[in-house]
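Please read them with the structure open.

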Amino acid sequence: MPPAPGQPGAVGEAEADAEAEAEGAASWRALDTLVHLVVTEPGCLPEARRLLEADLAAVDLACSRFRADSEICALRASAGQQVSPLLAEAIAVALRAAELTDGDVDPTVGAAMSAVGYDRDFEQIQRADPTGSMVTVRTVPGWRQVRLEGRILTMPEGIQLDLGATAKAWAADRSAARIAQQVGCGVLVGLGGDIAVAGPAPEGGWRIRVQDVTGSPGDPPDGPYALVAIRDGGLATSSTAARRWQRGGDVLHHILDPRTGLPAEPVWRTVSVAAGTCADANAASTAAVIRGRAALGWLAKLGLPSRLVDATGVVFTVAGWPEDTRAPEDARAPEDARSPEDARAPEDAQGPSAQSELSQN
(Lines give C-alpha, C1' and ligand atoms only; values in the text may rest on other atoms or scores of the structure.)
Protein backbone atom coordinates (compact mmCIF):
# COMPACT_ATOMS: atom_id res chain seq x y z
CA MET A 1 0.00 0.00 0.00
CA PRO A 2 1.30 3.52 -0.71
CA PRO A 3 2.16 5.85 2.15
CA ALA A 4 -0.84 7.49 3.78
CA PRO A 5 -1.86 10.88 2.39
CA GLY A 6 0.46 13.64 3.55
CA GLN A 7 3.09 11.26 4.90
CA PRO A 8 6.73 11.22 3.73
CA GLY A 9 6.99 9.60 0.32
CA ALA A 10 3.46 10.41 -0.80
CA VAL A 11 3.25 11.65 -4.38
CA GLY A 12 0.67 14.28 -3.50
CA GLU A 13 -2.40 14.20 -1.31
CA ALA A 14 -4.97 13.84 -4.11
CA GLU A 15 -3.05 11.06 -5.86
CA ALA A 16 -2.34 9.25 -2.60
CA ASP A 17 -6.03 9.41 -1.66
CA ALA A 18 -7.01 7.86 -4.98
CA GLU A 19 -4.45 5.09 -4.63
CA ALA A 20 -5.50 4.36 -1.04
CA GLU A 21 -9.17 4.08 -2.05
CA ALA A 22 -8.19 1.72 -4.88
CA GLU A 23 -6.60 -0.49 -2.22
CA GLY A 24 -9.74 -0.43 -0.07
CA ALA A 25 -8.49 1.88 2.70
CA ALA A 26 -9.21 5.44 3.81
CA SER A 27 -8.12 7.68 6.69
CA TRP A 28 -9.48 10.92 8.13
CA ARG A 29 -10.03 12.55 11.53
CA ALA A 30 -13.11 12.36 13.76
CA LEU A 31 -13.81 12.06 17.50
CA ASP A 32 -10.51 13.92 18.11
CA THR A 33 -8.51 11.02 16.70
CA LEU A 34 -7.34 9.38 13.47
CA VAL A 35 -9.96 7.19 11.82
CA HIS A 36 -8.77 4.31 9.67
CA LEU A 37 -11.12 2.19 7.58
CA VAL A 38 -10.08 -0.90 5.59
CA VAL A 39 -12.35 -3.23 3.61
CA THR A 40 -11.57 -6.52 1.90
CA GLU A 41 -13.39 -5.44 -1.28
CA PRO A 42 -12.20 -2.03 -2.60
CA GLY A 43 -15.52 -1.47 -4.35
CA CYS A 44 -17.25 -1.47 -0.94
CA LEU A 45 -15.17 1.41 0.38
CA PRO A 46 -17.41 4.38 -0.57
CA GLU A 47 -20.51 2.90 1.10
CA ALA A 48 -18.49 1.68 4.10
CA ARG A 49 -17.05 5.16 4.56
CA ARG A 50 -20.49 6.75 4.30
CA LEU A 51 -21.81 4.44 7.03
CA LEU A 52 -18.80 5.00 9.28
CA GLU A 53 -18.89 8.78 8.93
CA ALA A 54 -22.60 8.80 9.81
CA ASP A 55 -22.02 6.52 12.81
CA LEU A 56 -19.18 8.63 14.19
CA ALA A 57 -21.13 11.87 13.73
CA ALA A 58 -24.01 10.38 15.73
CA VAL A 59 -21.70 9.12 18.48
CA ASP A 60 -20.03 12.53 18.71
CA LEU A 61 -23.37 14.33 19.04
CA ALA A 62 -24.55 11.91 21.72
CA CYS A 63 -21.38 11.36 23.76
CA SER A 64 -18.92 14.25 23.38
CA ARG A 65 -18.03 16.01 26.61
CA PHE A 66 -16.59 18.86 24.55
CA ARG A 67 -19.68 19.84 22.57
CA ALA A 68 -22.16 22.21 24.19
CA ASP A 69 -24.92 20.73 22.02
CA SER A 70 -24.21 17.08 22.82
CA GLU A 71 -26.77 14.95 24.59
CA ILE A 72 -24.40 13.97 27.39
CA CYS A 73 -23.70 17.63 28.22
CA ALA A 74 -27.44 18.22 28.63
CA LEU A 75 -27.83 15.52 31.27
CA ARG A 76 -28.90 16.67 34.70
CA ALA A 77 -29.27 15.18 38.15
CA SER A 78 -32.52 13.27 38.06
CA ALA A 79 -34.43 10.42 39.63
CA GLY A 80 -35.10 9.22 36.10
CA GLN A 81 -34.55 10.84 32.72
CA GLN A 82 -34.95 9.21 29.34
CA VAL A 83 -31.94 9.20 27.06
CA SER A 84 -31.61 8.27 23.39
CA PRO A 85 -31.05 4.62 22.45
CA LEU A 86 -27.52 5.50 21.27
CA LEU A 87 -26.49 7.24 24.50
CA ALA A 88 -28.14 4.50 26.56
CA GLU A 89 -26.02 1.91 24.77
CA ALA A 90 -22.85 3.95 25.28
CA ILE A 91 -23.56 4.41 29.01
CA ALA A 92 -24.37 0.70 29.40
CA VAL A 93 -20.99 -0.20 27.88
CA ALA A 94 -19.24 2.22 30.26
CA LEU A 95 -21.02 0.84 33.32
CA ARG A 96 -20.20 -2.72 32.26
CA ALA A 97 -16.53 -1.78 31.94
CA ALA A 98 -16.64 -0.25 35.42
CA GLU A 99 -18.15 -3.39 36.90
CA LEU A 100 -15.74 -5.78 35.16
CA THR A 101 -12.67 -3.75 36.18
CA ASP A 102 -13.78 -3.23 39.80
CA GLY A 103 -14.17 0.49 39.16
CA ASP A 104 -10.78 1.08 37.50
CA VAL A 105 -12.59 2.34 34.40
CA ASP A 106 -15.18 4.74 35.83
CA PRO A 107 -17.46 6.99 33.71
CA THR A 108 -17.99 9.47 36.58
CA VAL A 109 -14.50 10.98 36.19
CA GLY A 110 -15.77 13.88 34.04
CA ALA A 111 -15.33 16.64 36.61
CA ALA A 112 -11.93 15.26 37.64
CA MET A 113 -10.84 15.24 34.00
CA SER A 114 -11.78 18.89 33.65
CA ALA A 115 -9.97 19.72 36.90
CA VAL A 116 -6.66 18.36 35.59
CA GLY A 117 -7.04 20.35 32.38
CA TYR A 118 -8.63 17.89 29.94
CA ASP A 119 -11.71 20.04 29.36
CA ARG A 120 -11.65 20.37 25.56
CA ASP A 121 -10.52 18.46 22.48
CA PHE A 122 -6.91 17.46 23.02
CA GLU A 123 -5.67 19.46 20.04
CA GLN A 124 -6.91 22.62 21.80
CA ILE A 125 -5.11 21.96 25.09
CA GLN A 126 -2.02 24.05 25.79
CA ARG A 127 0.61 21.31 26.03
CA ALA A 128 3.14 23.24 28.12
CA ASP A 129 1.99 25.72 30.75
CA PRO A 130 4.74 25.83 33.41
CA THR A 131 3.24 28.96 34.95
CA GLY A 132 -0.27 27.50 35.20
CA SER A 133 -2.13 26.96 38.44
CA MET A 134 -1.67 23.82 40.49
CA VAL A 135 -3.87 20.86 39.62
CA THR A 136 -7.13 20.75 41.56
CA VAL A 137 -8.00 17.28 42.82
CA ARG A 138 -11.66 16.31 42.44
CA THR A 139 -13.25 13.36 44.19
CA VAL A 140 -14.71 10.89 41.71
CA PRO A 141 -18.33 10.15 42.73
CA GLY A 142 -18.19 6.51 41.64
CA TRP A 143 -19.99 4.54 38.95
CA ARG A 144 -22.33 2.79 41.41
CA GLN A 145 -24.21 6.06 41.84
CA VAL A 146 -25.31 5.88 38.22
CA ARG A 147 -28.24 3.61 37.34
CA LEU A 148 -29.51 2.79 33.89
CA GLU A 149 -32.70 0.80 33.37
CA GLY A 150 -33.39 0.49 29.69
CA ARG A 151 -33.26 4.12 28.56
CA ILE A 152 -33.99 5.61 31.99
CA LEU A 153 -30.91 7.15 33.59
CA THR A 154 -30.69 8.08 37.25
CA MET A 155 -27.77 9.97 38.79
CA PRO A 156 -27.33 12.40 41.68
CA GLU A 157 -26.18 16.02 41.65
CA GLY A 158 -22.54 16.70 40.83
CA ILE A 159 -21.88 13.83 38.45
CA GLN A 160 -20.36 14.66 35.08
CA LEU A 161 -20.14 11.63 32.85
CA ASP A 162 -17.09 11.07 30.68
CA LEU A 163 -17.30 8.15 28.25
CA GLY A 164 -13.88 8.79 26.77
CA ALA A 165 -12.44 5.58 28.21
CA THR A 166 -14.97 3.37 26.41
CA ALA A 167 -16.86 5.25 23.69
CA LYS A 168 -14.31 5.04 20.86
CA ALA A 169 -13.76 1.31 21.33
CA TRP A 170 -17.51 0.68 21.48
CA ALA A 171 -18.00 2.87 18.40
CA ALA A 172 -15.37 0.85 16.52
CA ASP A 173 -17.13 -2.43 17.42
CA ARG A 174 -20.56 -1.04 16.54
CA SER A 175 -19.54 0.40 13.18
CA ALA A 176 -17.44 -2.58 12.09
CA ALA A 177 -20.35 -4.94 12.74
CA ARG A 178 -22.85 -2.65 10.99
CA ILE A 179 -20.65 -2.15 7.92
CA ALA A 180 -19.89 -5.87 7.58
CA GLN A 181 -23.60 -6.69 7.76
CA GLN A 182 -24.83 -3.99 5.38
CA VAL A 183 -21.97 -3.92 2.87
CA GLY A 184 -21.17 -7.63 2.94
CA CYS A 185 -17.38 -7.64 3.14
CA GLY A 186 -14.67 -7.83 5.76
CA VAL A 187 -13.96 -4.56 7.54
CA LEU A 188 -11.44 -3.07 9.95
CA VAL A 189 -12.26 0.12 11.85
CA GLY A 190 -9.46 1.86 13.72
CA LEU A 191 -10.15 4.81 16.00
CA GLY A 192 -6.84 5.92 17.44
CA GLY A 193 -5.50 2.96 19.39
CA ASP A 194 -8.83 1.06 19.23
CA ILE A 195 -9.24 -1.47 16.41
CA ALA A 196 -12.31 -3.64 15.68
CA VAL A 197 -12.79 -6.11 12.85
CA ALA A 198 -15.89 -7.85 11.50
CA GLY A 199 -16.96 -9.96 8.56
CA PRO A 200 -14.67 -12.26 6.55
CA ALA A 201 -11.02 -11.66 7.39
CA PRO A 202 -8.30 -11.44 4.72
CA GLU A 203 -6.13 -14.49 4.18
CA GLY A 204 -3.81 -14.65 7.16
CA GLY A 205 -6.04 -12.41 9.26
CA TRP A 206 -6.02 -8.66 9.79
CA ARG A 207 -2.36 -7.77 10.26
CA ILE A 208 -1.50 -5.18 12.86
CA ARG A 209 1.81 -3.77 14.04
CA VAL A 210 1.83 -2.63 17.66
CA GLN A 211 4.58 -0.53 19.21
CA ASP A 212 4.84 2.04 21.95
CA VAL A 213 6.59 4.78 19.99
CA THR A 214 4.02 7.14 18.52
CA GLY A 215 4.53 8.75 15.14
CA SER A 216 3.22 9.13 11.61
CA PRO A 217 1.42 6.03 10.35
CA GLY A 218 3.44 5.96 7.13
CA ASP A 219 6.80 5.86 8.91
CA PRO A 220 8.79 2.64 9.29
CA PRO A 221 8.63 1.23 12.83
CA ASP A 222 10.92 2.80 15.41
CA GLY A 223 12.29 0.29 17.90
CA PRO A 224 10.83 -3.03 19.08
CA TYR A 225 7.34 -3.89 17.94
CA ALA A 226 4.96 -6.84 17.82
CA LEU A 227 3.43 -8.27 14.67
CA VAL A 228 0.00 -9.74 15.32
CA ALA A 229 -2.92 -11.02 13.27
CA ILE A 230 -6.54 -11.17 14.39
CA ARG A 231 -9.56 -12.60 12.58
CA ASP A 232 -12.31 -11.21 14.77
CA GLY A 233 -12.87 -9.17 17.91
CA GLY A 234 -10.61 -6.25 18.64
CA LEU A 235 -7.31 -4.90 19.86
CA ALA A 236 -6.74 -1.78 21.95
CA THR A 237 -3.71 0.18 23.11
CA SER A 238 -3.80 2.56 26.08
CA SER A 239 -0.91 4.96 26.58
CA THR A 240 0.36 7.37 29.21
CA ALA A 241 2.68 8.91 26.60
CA ALA A 242 0.39 9.75 23.67
CA ARG A 243 -1.75 12.45 25.31
CA ARG A 244 0.36 14.41 27.76
CA TRP A 245 0.43 18.05 28.85
CA GLN A 246 2.09 20.16 31.52
CA ARG A 247 0.28 22.29 34.07
CA GLY A 248 2.28 24.14 36.66
CA GLY A 249 5.01 21.73 37.70
CA ASP A 250 2.95 18.63 36.88
CA VAL A 251 3.22 16.47 33.77
CA LEU A 252 -0.22 14.97 33.19
CA HIS A 253 -1.85 12.37 30.96
CA HIS A 254 -5.43 11.40 30.17
CA ILE A 255 -5.88 8.13 32.11
CA LEU A 256 -7.19 8.97 35.58
CA ASP A 257 -7.17 6.71 38.62
CA PRO A 258 -10.72 7.08 40.01
CA ARG A 259 -9.43 6.46 43.53
CA THR A 260 -7.20 9.55 43.50
CA GLY A 261 -8.80 11.75 40.84
CA LEU A 262 -5.32 12.18 39.31
CA PRO A 263 -3.51 10.62 36.34
CA ALA A 264 -2.42 7.06 37.05
CA GLU A 265 1.20 6.52 37.95
CA PRO A 266 2.99 6.01 34.61
CA VAL A 267 4.30 2.52 35.42
CA TRP A 268 3.33 1.51 31.88
CA ARG A 269 4.08 3.60 28.82
CA THR A 270 1.64 1.54 26.78
CA VAL A 271 -0.58 -1.49 27.28
CA SER A 272 -2.01 -3.39 24.29
CA VAL A 273 -4.69 -6.08 24.72
CA ALA A 274 -6.57 -8.39 22.34
CA ALA A 275 -10.07 -9.53 23.29
CA GLY A 276 -13.41 -10.70 21.92
CA THR A 277 -14.47 -7.08 21.39
CA CYS A 278 -12.57 -3.83 21.12
CA ALA A 279 -14.62 -2.52 24.07
CA ASP A 280 -13.37 -5.36 26.28
CA ALA A 281 -9.81 -4.93 25.03
CA ASN A 282 -9.93 -1.21 25.79
CA ALA A 283 -11.41 -1.69 29.25
CA ALA A 284 -8.64 -4.16 30.07
CA SER A 285 -5.82 -2.00 28.66
CA THR A 286 -7.07 1.09 30.51
CA ALA A 287 -7.50 -0.79 33.79
CA ALA A 288 -4.01 -2.27 33.37
CA VAL A 289 -2.48 1.22 33.20
CA ILE A 290 -4.25 2.09 36.45
CA ARG A 291 -3.29 -1.18 38.19
CA GLY A 292 0.42 -0.77 37.52
CA ARG A 293 2.58 -3.86 38.10
CA ALA A 294 -0.43 -5.81 39.40
CA ALA A 295 -1.79 -5.74 35.84
CA LEU A 296 0.56 -8.52 34.74
CA GLY A 297 -1.03 -11.14 36.96
CA TRP A 298 -4.55 -9.78 36.38
CA LEU A 299 -4.31 -9.97 32.59
CA ALA A 300 -2.68 -13.40 32.74
CA LYS A 301 -5.49 -14.70 34.95
CA LEU A 302 -8.08 -13.38 32.51
CA GLY A 303 -6.24 -15.04 29.62
CA LEU A 304 -6.12 -11.83 27.60
CA PRO A 305 -3.09 -11.69 25.26
CA SER A 306 -1.31 -8.48 26.22
CA ARG A 307 1.84 -6.45 25.63
CA LEU A 308 2.95 -4.00 28.33
CA VAL A 309 5.86 -1.58 27.98
CA ASP A 310 7.15 0.02 31.18
CA ALA A 311 8.48 3.54 31.60
CA THR A 312 12.03 2.39 30.86
CA GLY A 313 11.05 0.62 27.63
CA VAL A 314 11.14 -2.96 28.93
CA VAL A 315 8.50 -5.10 27.21
CA PHE A 316 6.38 -7.66 29.06
CA THR A 317 3.98 -10.07 27.35
CA VAL A 318 1.33 -12.37 28.83
CA ALA A 319 -1.25 -14.97 27.75
CA GLY A 320 0.27 -15.83 24.39
CA TRP A 321 1.15 -12.41 22.99
CA PRO A 322 3.98 -12.98 20.43
CA GLU A 323 7.54 -11.93 21.08
CA ASP A 324 8.58 -8.51 19.80
CA THR A 325 10.85 -8.13 16.80
CA ARG A 326 12.28 -5.27 14.78
CA ALA A 327 10.88 -4.10 11.47
CA PRO A 328 12.80 -4.02 8.20
CA GLU A 329 13.44 -0.55 6.89
CA ASP A 330 10.66 -0.79 4.31
CA ALA A 331 7.97 -2.37 6.51
CA ARG A 332 4.52 -1.72 5.10
CA ALA A 333 1.28 -3.69 5.16
CA PRO A 334 -1.70 -3.99 2.83
CA GLU A 335 -4.15 -4.13 5.75
CA ASP A 336 -2.96 -0.82 7.16
CA ALA A 337 -4.33 -0.52 10.69
CA ARG A 338 -1.81 2.05 11.84
CA SER A 339 -2.47 5.20 13.81
CA PRO A 340 -0.38 7.83 15.58
CA GLU A 341 -1.73 6.49 18.85
CA ASP A 342 0.17 3.23 18.94
CA ALA A 343 -1.66 0.68 16.75
CA ARG A 344 0.10 0.22 13.43
CA ALA A 345 -0.09 -2.14 10.45
CA PRO A 346 2.34 -5.05 10.14
CA GLU A 347 3.94 -7.53 7.87
CA ASP A 348 2.63 -11.11 7.98
CA ALA A 349 2.33 -12.48 11.48
CA GLN A 350 0.20 -14.84 13.48
CA GLY A 351 -0.65 -13.17 16.74
CA PRO A 352 -2.96 -13.49 19.71
CA SER A 353 -6.42 -14.93 19.41
CA ALA A 354 -9.13 -12.32 19.80
CA GLN A 355 -11.57 -14.85 21.24
CA SER A 356 -10.87 -14.03 24.89
CA GLU A 357 -13.39 -11.83 26.67
CA LEU A 358 -13.21 -9.70 29.76
CA SER A 359 -15.51 -11.24 32.33
CA GLN A 360 -16.09 -11.39 36.03
CA ASN A 361 -14.11 -13.96 37.96
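In what order do the three strands of the open sheet run, and is the pairing parallel or antiparallel?

1. The order is β3-β6-β5, and the pairing is antiparallel. Bear in mind throughout that this is a predicted model. The sheet is open and has three strands.

2. Look next at the edges. These are β3 (78–82) and β5 (147–149), each of which pairs on one side only. From one strand to the next, the twist averages 20°.

3. Ser-78 has its bridge partner in β6, namely Met-155. As background, strands of a sheet pair through backbone hydrogen bonds, either parallel or antiparallel.

4. Is Thr-154 buried or exposed? Thr-154 has a relative accessible area of 13%. The cut-off for buried is under 20%, so Thr-154 counts as buried.

5. Which residues does Thr-154 touch, leaving aside those up to four places away in sequence? One group is Ser-78, Ala-79 and Gly-80; the others are Gln-145, Val-146 and Arg-147. Ser-78, listed here as a contact of Thr-154, is the residue whose bridge partner in β6 is Met-155.

6. Turn to the helices. Two packed helices are described by the angle between their axes and the distance between the axes. For α2 (residues 45–63) and α3 (residues 85–100), the angle is about 75° and the axes lie 9 Å apart. Angles of 65 to 115 degrees count as roughly perpendicular, so α2 is roughly perpendicular to α3.

7. Which residues make this helix contact? From α2 come Ala-58, Val-59, Ala-62 and Cys-63. From α3 come Leu-86, Leu-87 and Ala-90. By class, the contact of α2 with α3 has seven nonpolar residues, no polar and no charged.

8. Last, the chain as a whole. Its secondary structure comes to seven helices and 19 strands. The chain has 361 residues, and 55% of them are buried. Take the contacts between residues at least 6 apart in sequence: 68% of these join residues at least 24 apart.

Key. Residues numbered from 1 in each chain as written. Predicted model: local features only at pLDDT ≥ 70, side-chain atom pairs only at ≥ 80, totals over all residues. Heavy atoms only, no water. Buried < 20%, exposed > 50% of the residue type's maximum accessible area, 1.4 Å probe, protein only. Contact = heavy atoms within 4.5 Å. Helix = DSSP H or I, 4+ residues; strand = E, 2+ residues; numbered from the N terminus. Axes fitted to C-alpha atoms, helices over the stretch in contact; angles between N-to-C directions. Parallel < 35°, antiparallel > 145°, perpendicular 65-115°, else oblique. Nonpolar A, V, L, I, M, F, W, Y, C, P; charged D, E, K, R; others polar. Pairing = 2+ DSSP bridges.
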